[in-house]
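The tour below goes stop by stop.

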Amino acid sequence: MINLQLTNDYLTEEEIEKLKILFKTDDTEEFNLAIKNIAVAALTEYKEMLLGKGLPTRADEIKQHRLLHLIKHYFQGRIPTEAEVSSMFQLTETESRALIRNVRTRFRYQLESEILNTLQQTIVSSEFNNDTYHVVIQSDNVLEELNRLVSTNAPQLDPISKVRGSARKYQISEDTYELLNNALGINQEVAVTEQEDE
């Protein structure tokens, strides 16, 4: 096993504070874990370069590979939101939306479990309210992926739509909710239990 250690002067106090805001943590252990995961993502990228594994040449392709490695090693098990990608890559939300979509499309098979896990977490977090399910969806890419499942598997059903007057709350009809549970392999009893536990 290879162990890498950073010297205490590698990051200034100001840089550490900025990174803590980015990582959304004040906990030293969580901060160190975030740094470690990002380092592994970066080393994976360099490993591919040094071993000549089909390196990207265009700037947008380099960003796509970088985000792929961050999803695998930093975001661990989920697709990030546009806001998270914007913070890390210094991009506008529109640019981040396009970057995530391109990564999702280009590396769909490599990210199959992360995409599935993100969609499952989103549906399980929904709450039943007046004959429909309500859910907060922070990512346009997640909304797009869920609606793609609906249109592919049951185009006659209603797509997920925004709750009027809300920023990021969406409604899912009962039929569409049931379809998504089946398509994503979610046990509905487990979903209900998790909602009751919250």
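Select Asn130: this residue sits in the loop between β1 (127-129) and β2 (132-136). Strands here are DSSP runs of E with at least two residues, helices are runs of H or I with at least four, and both are numbered from the N terminus. The model is predicted: local features need pLDDT of at least 70, side-chain atom pairs count only at pLDDT 80 or more, and totals for chains, interfaces and linings use all residues. Residues are numbered from 1 along each chain as its sequence is written, and side-chain values use heavy atoms, with hydrogens and water left out.

Stay on Asn130 and check the backbone. Its phi is near 55 degrees, a positive value in a residue other than glycine. Asn130 counts as exposed because its relative accessibility is 66%. Exposed means over 50% relative accessible area, buried under 20%, and partly exposed in between (1.4 Å probe, protein chains only).

Next, select Lys24. It lies in the loop between α1 (13-23) and α2. Phi of Lys24 is also positive, near 55 degrees, and this residue is not glycine. Lys24 has 68% relative accessibility, so it counts as exposed.

Now go to Arg58, in the loop between α2 (28-50) and α3 (59-73). Is Arg58 exposed or partly exposed? Arg58 is partly exposed, because its relative accessibility is 46%.

Show side chains. Those of Arg58 and Asp60 are joined by a polar contact of 2.7 Å. Such a contact is a pair of N or O atoms within 3.5 Å; within protein, one must be able to donate a hydrogen and the other to accept it, and residues adjacent in sequence count only if both atoms are side-chain atoms.

Last, draw a distance from Arg58 to Leu143. Their C-alpha atoms are 28 Å apart, with the two residues 85 residues apart along the chain.
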